[in-house]
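The sequence and structure come first, followed by notes grouped by topic.

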Amino acid sequence: GGDIPCLGPNLNPPAFMLFMQPLARLPYKQAWWLWAGLSIICLAWTAWSVNSFTSPNSRIHFLVWLAAMMAFAPGMANFELGQFGWLLALMLTRSWLALRQGHTSAAGLWLGAAIALKPFLLPFVVGLWLIKEPRALRTTLATTTGLTALGVIAFGPQASLDYLAMGQHV
């Protein structure tokens with residue numbers, strides 16, 4: 001981590017830290033079980049969301065989606081390592097489905113939250129601009145900005161400056 005050991009090697013912005021803070025206050029065992037349960041719920045909701053688009057009336061297809069996502073090596077590693085991937089998958093899937101269904105504000109809320117928590121998703125903003133979805137674009141930018149501002153308010157501007165400084169070395 002160098003001069004800022006609390007940020008390395010896992011680089012997360014203050015908005016992410018704000019989101020995770022309630023979990024971090026729990027004893028480890030409780031936090032792990034809560035996170036594992038939330039991850040499984042996100043995985044199931046993601047599988048259900050994809051299934052509702054591809055095969056809306058098929059429980060068998062839902063179970064296949066769920067099993068495939070659980071069996072896929074990155075999915076299992078995500079779970080075993082306590083990573084954020086299944087929550088992120090849910091946010092991106094819900095954003096995609098909302099956009100497909102014409103619910104552009106909902107799409108922007110989901111995507112904006114995902115970008116605030118994991119800024120490497122910022123190129124999706126360019127995608128919204130290219131496909132000419134101004135309402136989704138505005139909502140995404142407003143949500144990202146708002147959640148980022150909450151992180152700055154909660155942890156102070158120095159936390160964001162430290163995050164940006166670490167980001168230059170990625």
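Helix 2 (residues 28-54) packs with helix 5 (residues 85-100) at an angle of about 25 degrees, their axes lying 8 Å apart. Axes here are lines fitted to C-alpha atoms, for helices over the stretch in contact, and angles run from 0 to 180 degrees between N-to-C directions. Helices are DSSP runs (H or I, at least four residues), numbered from the N terminus. This is a predicted model, in which local features need pLDDT of at least 70 and side-chain atom pairs count only at pLDDT 80 or more, while totals for chains, interfaces and linings use all residues. Residues are numbered from 1 along each chain as its sequence is written, and side-chain values use heavy atoms, with hydrogens and water left out.

**Helix 2 and helix 5**

- The two helices are therefore roughly parallel to each other (angles under 35 degrees).
- Helix 2 passes helix 5 in a left-handed crossing (the near helix is turned anticlockwise from the far one by less than a right angle).
- The contact (heavy atoms within 4.5 Å) involves residues of helix 2 including Trp35, Trp45, Trp48 and Phe53, and residues of helix 5 including Trp86, Leu90, Trp96 and Arg100.
- By class, this contact has 14 nonpolar, five polar and two charged residues. Nonpolar covers Ala, Val, Leu, Ile, Met, Phe, Trp, Tyr, Cys and Pro, charged covers Asp, Glu, Lys and Arg, and the others, Gly among them, are polar.

**Helix 7 and helix 8**

- Helix 7 (residues 123-130) packs with helix 8 at an angle of about 160 degrees, and their axes are 8 Å apart.
- That makes helix 7 roughly antiparallel to helix 8 (angles over 145 degrees).
- The crossing of helix 7 past helix 8 is left-handed.
- From helix 7, Val125, Leu128 and Trp129 meet Ala136, Leu137, Thr140 and Leu141 of helix 8.
- This contact has six nonpolar residues, one polar and no charged.

**Loop residue Lys132**

- Lys132 sits in the loop between helix 7 and helix 8.
- Its phi is positive, about 55 degrees, although Lys132 is not a glycine.
- Lys132 counts as exposed, with 68% relative accessibility (exposed is over 50% relative accessible area, buried under 20%, partly exposed in between; 1.4 Å probe, protein chains only).

**Helix 9**

- Ala159, Ser160, Tyr163 and Met166 are buried in helix 9 (residues 157-167).
- They cover an arc of only 125 degrees around the axis, which puts them on the same side of helix 9; the arc is that of the directions from the helix axis to the C-beta atoms.
- Pro157 and Leu164, on the other side of helix 9, are exposed.
- The buried residues of helix 9 pack against helix 1 (14-24) and helix 8 (134-155).

Conventions. Angles under 35 degrees count as roughly parallel, over 145 as roughly antiparallel, 65 to 115 as roughly perpendicular and the rest as oblique.
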